[in-house]
Amino acid sequence: MVKENKELKVSAIKEGTVIDHIPASKLFKVIEILSLDKIDKQITFGTNLESKKLGRKAIIKISDKFFEEDEINKIALIAPDAKLNIIKDYEVVEKKVVKLPKQIHGIVKCVNPKCITNYEDVPPKFTVLEKNGKVALKCNYCEKITDEENIKLL
Amino acid sequence: MSKENFLGRSLVSILDYGKDDYLTIMEVAKHFEANPVQNILSGKVIATLFFEPSTRTRLSFESAVNKLNGKIIGFTDASTSSVKKGESLKDTIQTVANYSDLIVMRHPIEGSARYASEVSKVPVVNAGDGANQHPTQTLLDLYSILKTQNTLDNLEITLVGDLKYGRTVHSLIMAMSHFNPKFNLVSPPTLKLPDEYKLFLKEKNIPFAEFENITDTIKTTDILYVTRIQKERFSDPIEYEKVKNSYVLRNEMLEGTKDNLRVLHPLPRVNEISTDVDSNPKAYYFQQALNGVYVRQAIIALILGLI
C-alpha cells in the first residue's frame, strides 16, 4: 500500500503576511490582540500543527495585510518565537521576528489588586523591563512590577 | 535651576524627577521659608480632593495656599462628595478641573494620581495614592535633611520601623540615592525592606546593612528616620504586640550620638518615639512638618509658573 502524503497543505497566499511559530494555545489570543476578527481580508488559520520547538504550533496567513512594527510586536508577550514572512507575488520577500515593545498598552492585567486599572475603566499601561533575563512589566500607574510568571492577559 | 521642568506639569511620582529637580525645589522652598506670606496665588483656585482623610497633609497644603493668598475648594473625605453616588474618578477630576487652576489629590487607590493627571486639563499634585507615592512628603524629608545637615551628600541615614510597607521610606531611598548615602535598615524581621529596593541599592552601589536594634548604628548616624509600625499590617495581633515596643526611640538612646544627628518622622507618631525625646534638640519632627508648608508652596508656585 502506498503511504499517503501526510504533509499539511495550507494554501499559499499571493500578497500578505504569514505569522508562524505561534504556540497553539495562544492562537485565539493572537487573533484577538491583532483584531483579526474585525478585518475583512482572507485569513487562513492552522493550529495544533507539529513543531519541534513548540510541540504544537499555530500559523496564520493573512492576505493583503502588512502590519506596522508596533502593531505586530504586541504579540511578542504571548508568542515570543513568532516569525513573520512577508509575501509578495507568492514569494517570501522578508522574514521578521517579533520584538518586545518598550511599552505595552492594554493586553495584560496589572498584578496589583489595589491598582487603579483594576478599579476603574482604565486600560493598563506598562513599561517593559528585563529582570534576570525574564520579562517584567512595570505598571505606569501604580509602579508595581508584574513578573513574567504573573502575566495574565486581559 | 531648571524651573521650566515643573511648569504646567503634574507632580505624580518622585521617580519622574532627578537630582537637579530636587535641588530646584529645595532652593525655591528656601525662598518661601524666608518669605512665607505672599500674594502670588491671588485669583487662583486650588482644589484639594481628599478621597480619604489625611488631616495633616491637607492642612499643610491648605496652609501653604492660604499664606500665598489663594482660594481653596474641595472635600475632606469621599463620603461627602459625589463619589459616594458612584461617580468615576475621571468624571470627578474633569469636573473639578473646570473650577480650579491646580488639583491636589489624595486617593486610596494606587496609580490614581497618574490617571488623574492624564484626564485633567490642570496639573495634579499627588498628595498620596494608596501605598504607592507621596512625593511632597519625600521632598519635605529632603528639605529637612538639607536644612539640618547643610548638605544632602554623603550622609549616614538610619531608617527605623516598618520598612516593608512604609511608602515614605521607599521614596526616600529612591530620592536620596542621588546623593551618595549610606543606609542602616532597622526593622522587625517581618517588616524588612523588600528585595526590589535592596536590588536597587546594590545596582547603584549604595552601601546598606540590616539591623534589629536602633542602638546598633545610632552612634554613627546623621539622620534617624523613624516610622510607625502599623497594627493593621499584622494578621496576627500577637506578632504586633511582640514587635511594637522593640522599636521605640527613648531619649537616653540619643546620648553619645553625633551632634548633627536629627530625628525625623513623617508623623503621625504613636509610641515609636517616646515623648521624652520631644524636648531633645535633636528631635526635628515637628519642624519637619512645618517645612512641608514651604515645600508645598514651592511646588505649587513652580507648577503654576509664579516664581
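**An open sheet and an interface**

Modeller: In chain A, 4 strands make an open sheet in the order 6-8-9-10, with antiparallel pairing. This is a predicted model, where local features need pLDDT of at least 70, side-chain atom pairs count only at pLDDT 80 or more, and totals for chains, interfaces and linings use all residues. Residues are numbered from 1 along each chain as its sequence is written, chains are lettered from A in the order in which they are written, and side-chain values use heavy atoms, leaving out hydrogens and water.

Biologist: Why is one side of strand 6 and of strand 10 of chain A left without a neighbour in the sheet?

Modeller: Strand 6 (103-105) and strand 10 (145-147) stand at the edges, so each has a single partner strand. Strands are DSSP runs (E, at least two residues), numbered from the N terminus.

Biologist: How do you know that strand 6 and strand 8 of chain A pair?

Modeller: Pairing takes at least two DSSP bridges between two strands. Strand 6 and strand 8 (residues 125-131) of chain A have 3 bridges, in the antiparallel sense, so they pair by that definition. His105(A) stands opposite Lys125(A) there.

Biologist: Lys125(A) again! What makes its meeting with Glu118(B) a salt bridge?

Modeller: The rule wants a side-chain nitrogen of Lys or Arg within 4 Å of a carboxyl oxygen of Asp or Glu. Between the side chains of Lys125(A) and Glu118(B), N to O is 3.1 Å, so the pair qualifies under that rule. Chain B and chain A have 3 salt bridges between them.

Biologist: And how many residues are in contact?

Modeller: With contact meaning heavy atoms within 4.5 Å, 14 residues of chain B touch 15 of chain A.
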